There are 4 protein chains.
Amino acid sequence: MGSNSFGRLFRITTWGESHGKAIGVVIDGCPAGLAISVCEINEALAMRAPARNAFTSPRSEPDSADILSGVFDGKTTGAPICILIANQDADPSKYEPIQNLLRPGHANFTYLEKYGIFDYRGGGRSSARETACRVAAGAVAKKILQREGIEITAYIKQIGSIKAMVQEEDFMRLRSATRQSPIFCPDLMAAKEMMNAIEFAKSKGDSLGGVVEFIANQVPIGLGDPVYCKLEALLAYAMMGLPASKGFEIGCGFAAVEMHGSEHNDGFIKVSGRVETQTNHAGGTLGGISTGMPIVARVAFKPTSSISIPQKTVSTEGDDAIFQLPNGSRHDPCVAIRAVPVVEAMAALVLVDALLMNARAKI
Amino acid sequence: MGSNSFGRLFRITTWGESHGKAIGVVIDGCPAGLAISVCEINEALAMRAPARNAFTSPRSEPDSADILSGVFDGKTTGAPICILIANQDADPSKYEPIQNLLRPGHANFTYLEKYGIFDYRGGGRSSARETACRVAAGAVAKKILQREGIEITAYIKQIGSIKAMVQEEDFMRLRSATRQSPIFCPDLMAAKEMMNAIEFAKSKGDSLGGVVEFIANQVPIGLGDPVYCKLEALLAYAMMGLPASKGFEIGCGFAAVEMHGSEHNDGFIKVSGRVETQTNHAGGTLGGISTGMPIVARVAFKPTSSISIPQKTVSTEGDDAIFQLPNGSRHDPCVAIRAVPVVEAMAALVLVDALLMNARAKI
Amino acid sequence: MGSNSFGRLFRITTWGESHGKAIGVVIDGCPAGLAISVCEINEALAMRAPARNAFTSPRSEPDSADILSGVFDGKTTGAPICILIANQDADPSKYEPIQNLLRPGHANFTYLEKYGIFDYRGGGRSSARETACRVAAGAVAKKILQREGIEITAYIKQIGSIKAMVQEEDFMRLRSATRQSPIFCPDLMAAKEMMNAIEFAKSKGDSLGGVVEFIANQVPIGLGDPVYCKLEALLAYAMMGLPASKGFEIGCGFAAVEMHGSEHNDGFIKVSGRVETQTNHAGGTLGGISTGMPIVARVAFKPTSSISIPQKTVSTEGDDAIFQLPNGSRHDPCVAIRAVPVVEAMAALVLVDALLMNARAKI
Amino acid sequence: MGSNSFGRLFRITTWGESHGKAIGVVIDGCPAGLAISVCEINEALAMRAPARNAFTSPRSEPDSADILSGVFDGKTTGAPICILIANQDADPSKYEPIQNLLRPGHANFTYLEKYGIFDYRGGGRSSARETACRVAAGAVAKKILQREGIEITAYIKQIGSIKAMVQEEDFMRLRSATRQSPIFCPDLMAAKEMMNAIEFAKSKGDSLGGVVEFIANQVPIGLGDPVYCKLEALLAYAMMGLPASKGFEIGCGFAAVEMHGSEHNDGFIKVSGRVETQTNHAGGTLGGISTGMPIVARVAFKPTSSISIPQKTVSTEGDDAIFQLPNGSRHDPCVAIRAVPVVEAMAALVLVDALLMNARAKI
């Protein structure tokens with residue numbers, strides 16, 4: 001078990017607090033013989049790193065990984081891979097003045113109640129900083145997926161009420177447009193509007209929510225298991241474990257509710273010797289198992305809980321109080337943006353695990 | 001592991017096919033000393049049973065449970081509880097004519113690809129009949145929750161485009177109104193409209209989707225675990241493992257995306273000596289741990305895939321074909337309705353597991 | 001988790017009490033496409049069944065299995081396989097007079113303390129009757145192993161102080177000699193002596209212990225995982241979970257303690273193009289991973305706790321008492337004998353699980 | 001799952017190679033509020049550290065731990081605890097000359113076959129250096145056990161053919177005598193003989209095996225779970241996962257085989273208001289659950305595989321060769337000695353996990 005672990009055969013365990021000495025991840029179950037370098041991991045981390053631009057937190061963390069084990073002569077050995085990321089811009093002092101206040105939208109209340117103790121330094125274990133570990137592990141997962149031809153891309157689909165128009169069909173263009181956008185939004189027109197909205201919210205000390213969509217392409221038929229380990233259930237579990245996520249949907253998702261069966265059902269056809277579906281309302285799975293069509297799903301993120309506007313709260317003693325973030329506090333005006341590479345990483349972790357699980361489905 | 005198992009400490013394993021001899025569930029990890037009777041289980045099963053009215057499948061299954069183990073002198077002993085439900089109205093012959101066609105929206109294509117073999121009799125293992133086992137296990141889970149004062153109710157929130165108005169505040173009235181509705185919808189006006197819509201769709205041989213909402217009341221603070229076993233992640237995993245589910249959201253869910261942080265954050269207040277939040281946009285958790293506020297979440301179900309309208313498909317050999325359900329086929333025009341007690345059961349299974357997991361969070 | 005489950009990818013869950021309605025096992029994770037019939041399972045069960053001869057319990061259980069799910073057209077489908085064995089000669093009435101006494105060497109004391117309730121009918125869940133389920137599951141496991149050429153045989157190595165001489169080299173002869181012996185001892189001379197010893201102990205109302213050895217032949221190199229899931233650790237876990245087992249050793253086992261490294265180390269040689277070891281003191285594993293040499297290990301069983309001789313004890317109320325088995329009580333004078341097919345089954349379950357786990361060890 | 005993890009609720013994951021940058025362990029599931037300091041961990045590590053005296057390996061590793069996470073203000077927070085131990089005396093160059101030879105008694109053959117790659121530097125992941133991580137985690141586990149009054153001590157029971165006389169009854173004296181012995185043997189007379197034997201073997205370039213016994217005192221009744229998670233099965237699994245272990249037995253163990261039931265059964269008595277057994281042949285468990293009597297068990301260790309005497313082997317290419325350890329190679333003449341604190345740590349890990357698992361056995 002272990003609530004800080006994720007995955008079955010490709011299993012990661014993360015540890016570390018936002019303002020502790022370091023954070024890290026242990027990958028257990030990675031097949032041997034995979035070429036992996038610290039550069040590839042750092043490249044992935046750079047996508048998630050803060051302070052890339054005005055739309056993310058100004059905390060300056062180079063997020064440089066160190067591979068402590070499991071790789072020999074540039075290849076994985078089958079032994080657990082420990083990746084450590086030092087905390088370099090940790091500054092716990094800022095959090096001292098607010099250590100005795102319940103932070104609206106944050107986990108210090110629930111942690112305190114559950115554990116009787118809370119590492120208040122930047123949210124400690126509850127901080128989104130932990131997601132850097134997911135990205136590091138995801139970089140390893142992606143290398144395995146690439147060998148099978150599986151590619152994943154995530155991008156901003158919506159910020160506040162501004163929706164991006166996305167051409168899901170052209171995967172390569174979609175990915176390249178996403179990488180070029182400072183906010184990972186492939187629709188340049190929408191992106192501009194979104195950035196304006198973020199800057200406006202930020203100027204008011206407020207924050208915005210967003211939707212991240214991801215597509216996994218070239219997923220082989222057969223990944224995912226009935227009955228409880230359906231691929232969409234594993235993806236939902238992965239995504240709803242992300243900080244600030246409030247919803248998950250696959251294919252048409254909630255919109256499917258307003259469709260008729262005759263409209264939603266994807267008809268089967270044969271295309272160049274291969275069975276496909278004419279449409280992909282299902283989003284790439286049937287009965288919890290991948291159909292070979294692209295997996296398309298979305299994650300809803302709430303507006304960042306850390307805002308500069310003063311908020312009504314109570315102290316840990318139960319006294320009425322006003323919560324006010326200390327000057328110079330560093331946070332993202334819209335967490336959905338930096339969640340993009342994390343969603344991609346989690347999707348990769350789910351898929352690589354499902355791939356390994358599928359190795360012996362039949363005799 | 002085991003993809004037919006669910007839960008960590010309160011762990012269920014289900015087995016059985018729709019038109020096999022029987023279906024069943026083994027509950028492992030139920031605390032000893034709990035009074036449980038077969039009547040209580042049958043009562044829960046009756047809520048999910050088909051053929052209750054015109055809005056559900058006409059298959060006539062009394063769904064009468066037999067407790068084969070784990071209960072002695074009316075009490076659980078700590079040993080695994082095996083509950084068996086015989087299949088009485090099984091009629092696999094109907095499925096023979098369509099055994100070589102891929103069924104749009106169904107799992108026979110993916111099962112065949114994954115396993116190379118498919119029990120085509122009523123969908124075999126992929127049938128929603130399996131959910132009876134979840135309801136049986138959920139009945140046991142609910143008895144434990146009741147001892148802690150935790151109550152759960154699920155109901156129809158939307159069918160097609162018709163939305164119910166629900167007063168979430170009055171839990172007891174909500175539950176009682178739900179139980180009285182033939183389609184589990186507490187808003188009588190909306191329910192009437194929904195029933196008309198269902199009958200209309202049925203008359204066309206078509207089907208409708210729906211949203212099921214559930215509320216868990218009096219959940220103690222502290223259930224759920226960081227980082228990967230967040231309570232909302234476990235709930236999402238549970239619900240997205242249900243047949244036909246396409247989306248999950250908690251609290252404001254996808255609507256949170258269009259809110260500002262200043263609006264979405266729930267302020268803390270002290271109410272009669274207890275810390276609460278003024279609003280409950282979060283839906284009852286913070287950082288993956290229950291806040292003590294009601295847990296409110298929703299599950300989207302696609303329109304039933306089994307429709308009487310002929311559909312384009314291919315055969316298992318890959319030839320173009322028309323899929324036409326045999327006369328007298330039995331299915332639900334809107335699976336969301338019978339999903340209501342199943343959603344309730346899954347929520348109960350998640351909460352009882354989280355409750356047991358929480359027993360030793362601190363020294 | 002689930003303490004009534006065993007295995008990772010090939011995972012069994014057993015349920016049922018000795019004198020309840022039935023016992024059974026659910027196999028989750030069996031690859032699809034495996035031909036399996038109820039006859040094969042019944043054949044395996046017959047080896048373990050009581051009342052075969054004077055050396056086993058007179059309880060008359062035909063142990064006829066029913067496959068309730070997971071097999072279609074004679075082949076596994078990838079769905080969970082539920083095998084049910086009805087209890088036909090259950091007779092709980094005999095246990096009523098002794099229900100309030102702690103049984104020396106039995107589990108009723110510990111179950112009562114742990115659970116506050118005990119199904120006293122024949123030991124309930126703590127009865128060795130549960131091992132029939134292991135044998136049924138083991139029969140399925142063996143069919144998979146056979147496809148890989150892996151064969152397992154277990155036999156009596158020692159009863160009381162009488163030791164059998166076993167020629168481990170000739171696996172086929174060893175197995176055939178074992179099957180012909182009423183007490184599964186391939187050394188006919190020793191077997192005769194053992195049977196005399198058993199009859200003598202039985203006539204005194206006493207019981208004997210024994211050692212069961214097993215050999216797994218043609219195990220491919222590479223099964224088992226470092227560091228905690230070493231093949232020998234998994235085997236030890238499997239065997240020490242058997243009722244009445246008190247010790248496990250592999251290769252030279254405890255005798256290795258008195259050897260020097262220069263003597264114990266197995267030198268590598270090349271035999272017809274394949275690396276082997278000259279000796280097999282290690283018993284078929286190095287570093288927790290199979291070497292390709294036969295796996296040879298032993299399990300120690302204590303003398304049966306159920307004896308006719310009166311024993312000093314206390315009642316559940318704590319009063320001094322004499323424990324005396326009711327007339328006509330049915331038990332084995334030496335549990336090691338009927339443990340032979342169970343040891344074989346557990347070894348098969350461990351190996352098939354390790355085989356599936358090994359599918360993706362390297363890229 | 002994860003083969004580098006151990007435990008269910010108190011779960012450790014270890015990583016690192018013998019001559020890599022560092023080794024470490026992540027503890028997930030430690031209750032919050034436990035006071036723990038790095039000194040306590042270092043103290044435990046010192047017991048296992050090499051180069052303490054002539055009877056252990058001369059590799060000079062101070063084994064100084066660093067707690068990277070999970071502890072705040074001197075107390076555990078419920079977050080994962082990562083403990084890192086740097087490798088300071090790593091010297092992989094020595095292993096280069098032998099990298100292409102199969103080492104008799106070592107894992108390089110099986111790792112190479114399984115993974116296709118082997119970190120030959122000091123055995124890489126297969127090195128007993130990994131056990132330092134177990135000891136570090138065990139130190140945390142022991143702090144929890146101490147709160148419950150549970151104490152564990154392990155000691156040398158046998159080296160080669162020399163057996164120690166141990167008075168198991170006086171736990172405190174036993175522990176103190178053990179700590180004072182350079183080879184952890186509480187029988188001073190035997191210890192002297194053992195040290196002579198070790199020195200003699202060492203002078204010949206050879207090695208010796210040994211038996212480590214451990215006692216857990218004041219274990220509450222009720223730890224351990226039927227059917228597959230019996231306490232003795234979990235202990236066996238833990239101990240047989242140790243490098244060089246070849247056997248495990250509890251209570252009378254293999255000697256029980258030669259006893260009669262009337263002799264082996266422990267009669268129940270009432271002692272000062274508490275049910276106990278007159279004897280403790282069972283070794284502290286019945287039906288897999290602790291009886292409240294001391295848990296007494298033994299682990300057999302083979303003679304160290306690393307010996308200076310030249311050995312026949314083949315190269316990784318399959319050519320005949322002579323394996324000769326490089327000059328200055330550092331190894332233990334008898335691994336059982338340094339295994340003593342590791343056995344103690346593993347017993348602690350099993351017991352603390354069983355303790356947490358037992359929290360909700362009954363309503």
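Q: Let's take a residue as buried if 20 or more other C-beta atoms lie within 10 Å of its own. What share of chain A counts as buried, then?

A: Of the 363 residues of chain A, 67% are buried by that cut-off. Keep in mind that this is a predicted model.

Q: Thanks! What is the secondary structure of chain A?

A: Chain A has 8 helices and 18 strands.

Q: And how far does the C-alpha trace of chain A span?

A: About 65 × 50 × 35 Å along its principal axes. The radius of gyration of chain A is 21 Å, which agrees with a compact globule of 363 residues, because that would come out near 21 Å.

Q: What part of the contacts in chain A is between residues 24 or more positions apart?

A: Taking contacts with a separation of 6 or more, such pairs make up 70% in chain A.

Q: Let's zoom in on α1 of chain A. Which of its residues are buried?

A: Helix α1 runs over residues 38-48 of chain A, and its buried residues are A:Ile41, A:Ala44, A:Leu45 and A:Arg48. Down the axis of α1(A) the buried residues fall within an arc of 100°, so they line one face of the helix.

Q: Why would residues a few places apart point the same way?

A: An α-helix has 3.6 residues a turn, so residues three or four places apart point the same way.

Q: Which residues are on the face of α1(A) turned away from the buried side, and what covers the buried ones?

A: The exposed residues A:Cys39 and A:Glu43 sit on the face turned away. The cover over the buried residues of α1(A) includes β4 (65-67), β7 (81-86), α3 (131-147) and α8 (335-357) of chain A.

Q: Switching to interfaces: how many residues of chain A are in contact with chain B?

A: 89 residues of chain A contact 89 residues of chain B. Helix α2 (residues 108-115) of chain A gives the largest share of chain A's side, with 6 residues. That side divides into 39 nonpolar, 33 polar and 17 charged residues.

Q: How many residues does chain B have in contact with chain D?

A: 13 residues of chain B contact 13 residues of chain D. On the chain B side, 8 are nonpolar, 2 polar and 3 charged.

Q: Which strands of A and B pair, and in what sense?

A: Strand β11 (residues 245-250) of chain A pairs with strand β11 (residues 245-250) of chain B, antiparallel over 3 bridges. In that pairing A:Gly247 has B:Glu249 as its bridge partner.

Q: What does β11 of chain C pair with?

A: Strand β11 (residues 245-250) of chain C pairs with β11(D) in the antiparallel sense over 3 bridges, and C:Glu249 has D:Gly247 as its bridge partner. Within chain D, β11(D) also pairs antiparallel with β16 (residues 295-301) over 5 bridges, where D:Ser245 is partnered by D:Phe301.

Q: Why is β11 of chain D called largely enclosed?

A: 6 of the 6 residues of β11(D) are buried, so the rest of the structure largely encloses the strand.

Q: What is the strand order in the open sheet of 5 strands in chain D?

A: The order is β1-β2-β3-β7-β4 with antiparallel pairing. The edge strands are β1 (5-6) and β4 (65-67) of chain D, each pairing on one side only. Helix α1 (residues 38-48) of chain D packs on this sheet, touching β4 and β7 (81-86), and its direction makes about 150° with that of β4(D).

Q: Last one: where is B:Gly70, and what does it touch?

A: B:Gly70 is in the loop between β4 (65-67) and β5 (71-72) of chain B. It counts as buried because it has 29 C-beta neighbours inside 10 Å. Leaving out residues up to four places away in sequence, B:Gly70 touches B:Thr76, B:Thr77, B:Ala79, B:Pro80, B:Ile81, B:Cys82 and C:Trp15. B:Gly70 and B:Asp28 are 42 residues apart in sequence, with 9.1 Å between their C-alpha atoms.

Key. Residues numbered from 1 in each chain as written. Chains lettered and ligands numbered in written order. Predicted model: local features only at pLDDT ≥ 70, side-chain atom pairs only at ≥ 80, totals over all residues. Helix = DSSP H or I, 4+ residues; strand = E, 2+ residues; numbered from the N terminus. Rg over C-alpha atoms; globule rule 2.2 N^0.38 Å. Buried ≥ 20, exposed ≤ 12 C-beta atoms within 10 Å, placed from the backbone. Contact = placed C-beta atoms within 7 Å. Nonpolar A, V, L, I, M, F, W, Y, C, P; charged D, E, K, R; others polar. Arc of directions from axis to C-beta. Pairing = 2+ DSSP bridges. Axes fitted to C-alpha atoms, helices over the stretch in contact; angles between N-to-C directions.
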